[in-house]
Amino acid sequence: MTSTDSDLVAPELVVGIVAPIGTDLDPICAALTDALGSVKYNCGDPIRLSTLLDDIPDRPWGDLPKRLHDERVNAYMDAGNRLRGDLGRGDALALVAVGAIRQLRQETSGDPTTPIPRRAYVLRS
C-alpha cells in the first residue's frame, strides 16, 4: 500500500524571518512560500510583526505614524521596546503573533485552538 500526499498528516508550521532594518525580506519570504508550496503547504501572506502593533488599541501603539520612513521605523522600534518593558517579557511581540495565528485559525476553521494541517505561518520582522 502506498501513500499519497493527501494521505500524509503534516503539522502546522511557524517560521520566523528576522533581519536588520533595511533588508529586503520580500524575496526571502517569496522563496520560502514557494518551497513550502512545493510540498503542499499553504502559507498565506507573511505576518509582519511590526504591523501587529497597530492592532493594540492603547496609546502609544494605536497612534503610530504611517508616513515618513525614518519616523515610522523609530516609532515602531520604541513601541516594541515599550511593549516588552511594560509586560516585562522579551517575547511580548511573539505573544501578539500567537494571537494573530489564533485569529487566522478561527477565520479558517472556526477553532482558534486547533492547528491546521499543512498550514505554515511566516512571521517577518
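Strand β3 (residues 120–124) is mostly covered, since 5 of its 5 residues are buried. Buried here means under 20% relative accessible area, exposed means over 50%, and partly exposed lies in between (1.4 Å probe, protein chains only). Strands (E, at least two residues) and helices (H or I, at least four) are DSSP runs, numbered from the N terminus. The model is predicted, so local features need pLDDT of at least 70 and side-chain atom pairs count only at pLDDT 80 or more, while totals for chains, interfaces and linings use all residues. Residues are numbered from 1 along each chain as its sequence is written, and side-chain values use heavy atoms, with hydrogens and water left out.

**The sheet**

The strands form an open sheet of 3 strands in the order β1-β3-β2, with parallel pairing. Its edge strands are β1 and β2, each of which pairs on one side only. Two strands are taken to pair if DSSP finds at least two bridges between them. Between β1 and β3 there are 5 bridges in the parallel sense; β2 (residues 47–48) is joined to β3 by 2 bridges, and these strands also run parallel. Individual partners can be named: Leu13 is bridged to Ala120 in β3, Ile17 has Arg124 of β3 as its bridge partner, and Ile47 stands opposite Leu123 in β3.

In a regular strand the side chains alternate between the two faces of the sheet. From β3, Ala120, Val122 and Arg124 point one way, whereas Tyr121 and Leu123 point the other way, and all are buried.

**Glu12**

Glu12 is found in the segment before β1 (13–17). With a relative accessibility of 17%, Glu12 counts as buried. Its surroundings are described by contacts (heavy atoms within 4.5 Å). Not counting residues up to four places away in sequence, Glu12 touches Arg105, Pro115, Ile116, Arg119 and Tyr121. A polar contact is a pair of N or O atoms within 3.5 Å; within protein, one must be able to donate a hydrogen and the other to accept it, and residues adjacent in sequence count only if both atoms are side-chain atoms.

| Side chain | Partner | Distance |
|---|---|---|
| Glu12 | Tyr121, side chain | 3.1 Å |

**The cysteines**

A disulfide is a pair of cysteine sulfur atoms within 2.5 Å. By this rule the model has 0 disulfides. Cys29 is in none, its nearest cysteine sulfur being that of Cys43, 9.6 Å away. The sulfur of Cys43 is therefore too far from the closest cysteine sulfur, in Cys29, for a bond. Cys29 is buried, with a relative accessible area of 3%, and Cys43 is also buried, at 4% relative accessibility.

**The largest pocket**

The largest pocket holds about 610 Å³ of space. Among the 22 residues that line this pocket, Ala19, Ile21, Ser50, Met77 and Ser125 are the closest to its centre. The elements giving two or more residues to the lining are α2 (49–52) and α3 (69–87), and α3 gives the most, with 8 residues. On a 1 Å grid over the protein atoms alone, a pocket is an open set of points where a 1.4 Å probe fits, with protein on both sides within 12 Å along at least five of seven lines; lining residues have an atom within 4 Å of a point. Grid points are joined across faces, edges and corners, and the volume is the space filled by probe spheres set on the points.
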